[in-house]
Amino acid sequence: MALGGYLGNGIRVGYSLASPLSYNKLEQVIDATPPKLKADVVDTSRHSANRYKSNIPGMYDVSPVTIKMLRDADPSTAPKQNAIRALQDASTTVYLRVEVPSNPAQTLFEAWEISGRFSDWGVNAPLMGRVELDVSFLFDGVDYIYFAPASSVIG
């Protein structure tokens with residue numbers, strides 16, 4: 001393990017329907033991938049005595065946020081899991097926040113907030129394994145914010 005690195009235990013994910021942002025914490029999250037930025041490669045080469053090509057980073061692609069939860073279909077114990085399905089069906093724009101622990105005590109979290117829509121919602125139910133819910137969230141090109149480690153907003 002890298003010096004000073006931490007396991008992802010304690011990751012938190014929540015969504016908000018309106019501003020001011022008040023997050024609905026997703027239940028039983030076991031894995032989540034925060035959005036990643038990948039810049040286009042823009043060729044800025046000019047022909048000259050220097051025969052090396054040059055590039056600059058261009059516009060960013062924002063990867064989908066993927067979330068894996070232990071599936072709980074009971075609306076009294078995991079209402080947010082079922083609510084996500086309704087949000088996906090209605091193509092509702094929401095704000096998603098992903099918080100990753102940045103210290104062993106899990107008192108500080110680096111975070112990403114993005115606006116977009118839930119795009120995938122699917123249950124995996126292997127015969128001899130745990131039932132899981134896999135969800136994806138697509139960025140809509142409007143709001144993307146990265147926050148340095150601070151206290152949790154999701155709770």
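The model is predicted, so local features need pLDDT of at least 70 and side-chain atom pairs count only at pLDDT 80 or more, while totals for chains, interfaces and linings use all residues. Residues are numbered from 1 along each chain as its sequence is written, and side-chain values use heavy atoms, with hydrogens and water left out.

A pair of aromatic rings is described by the distance of the centres and the angle of the planes. For tyrosine 15 and phenylalanine 118 the centres are 6.0 Å apart and the planes stand at 90°, so this pair is edge-to-face. Tyrosine 15 belongs to strand 1 (residues 12-16) and phenylalanine 118 to strand 8 (residues 109-124), so that the pair links distant parts of the chain, 103 residues apart. Strands here are DSSP runs (E, at least two residues) and helices are DSSP runs too (H or I, at least four), numbered from the N terminus. Both tyrosine 15 and phenylalanine 118 are buried; buried means under 20% relative accessible area, exposed over 50%, and partly exposed in between (1.4 Å probe, protein chains only). Another pair is formed by phenylalanine 139 and tyrosine 144, with centres 6.2 Å apart and planes at 80°, so it is edge-to-face. Phenylalanine 139 is partly exposed at 25% relative accessibility, and tyrosine 144 is partly exposed with a relative accessible area of 25%. One aromatic cluster is formed by Tyr15, Phe118 and Phe137.

The largest nonpolar core has 22 residues, and Ile67, Leu96 and Phe118 have the most contacts inside it. Such a core is a set of buried Ala, Val, Leu, Ile, Met, Phe, Trp, Tyr and Cys residues joined through side-chain atoms within 4.5 Å. Two or more residues of this core come from each of strand 1, strand 3 (29-33), strand 6, helix 1, strand 7, strand 8 and strand 9. Leaving aside residues up to four places away in sequence, isoleucine 67 touches Val13, Leu26, Val29, Asp31, Ala32, Leu96, Leu133, Asp134 and Val135, contact meaning heavy atoms within 4.5 Å.

Helix 1 (residues 79-89) has Gln81, Ile84, Leu87 and Gln88 as its buried residues. They cover an arc of only 115° around the axis, which puts them on the same side of helix 1; the arc is that of the directions from the helix axis to the C-beta atoms. These buried residues of helix 1 pack against strand 1, strand 6 (65-70), strand 7 (94-101), strand 8 and strand 9 (132-150). Within helix 1, aspartate 89 and arginine 85 lie four residues apart, about one turn of the helix. The two form a salt bridge, with the closest N and O atoms 3.4 Å apart. A salt bridge is a side-chain nitrogen of Lys or Arg within 4 Å of a carboxyl oxygen of Asp or Glu. Aspartate 89 is exposed at 58% relative accessibility, whereas arginine 85 is partly exposed at 37%.

The whole structure has six salt bridges. Arginine 97 takes part in a bridge with glutamate 99, where the closest N and O atoms are 2.7 Å apart. Arginine 97 also bridges to glutamate 113, at 2.6 Å between the closest N and O atoms. Glutamate 113 lies in strand 8 and arginine 97 in strand 7, so this pair ties together parts that are 16 residues apart in sequence. Elsewhere, a network of salt bridges links Lys68, Arg130, Glu132 and Asp134.

The backbone is the last topic. Most residues other than glycine have a negative phi, and most peptide bonds are trans. Glutamine 28, not a glycine, has a positive phi of about 55° and sits in the loop between strand 2 (24-25) and strand 3. Glutamine 106 likewise has a positive phi of about 55°, and its place is in the loop between strand 7 and strand 8.

Notes: Rings of Phe, Tyr and Trp (its six-membered ring) pair if their centres lie within 6.5 Å; planes under 30 degrees apart count as stacked, over 60 as edge-to-face and the rest as tilted.
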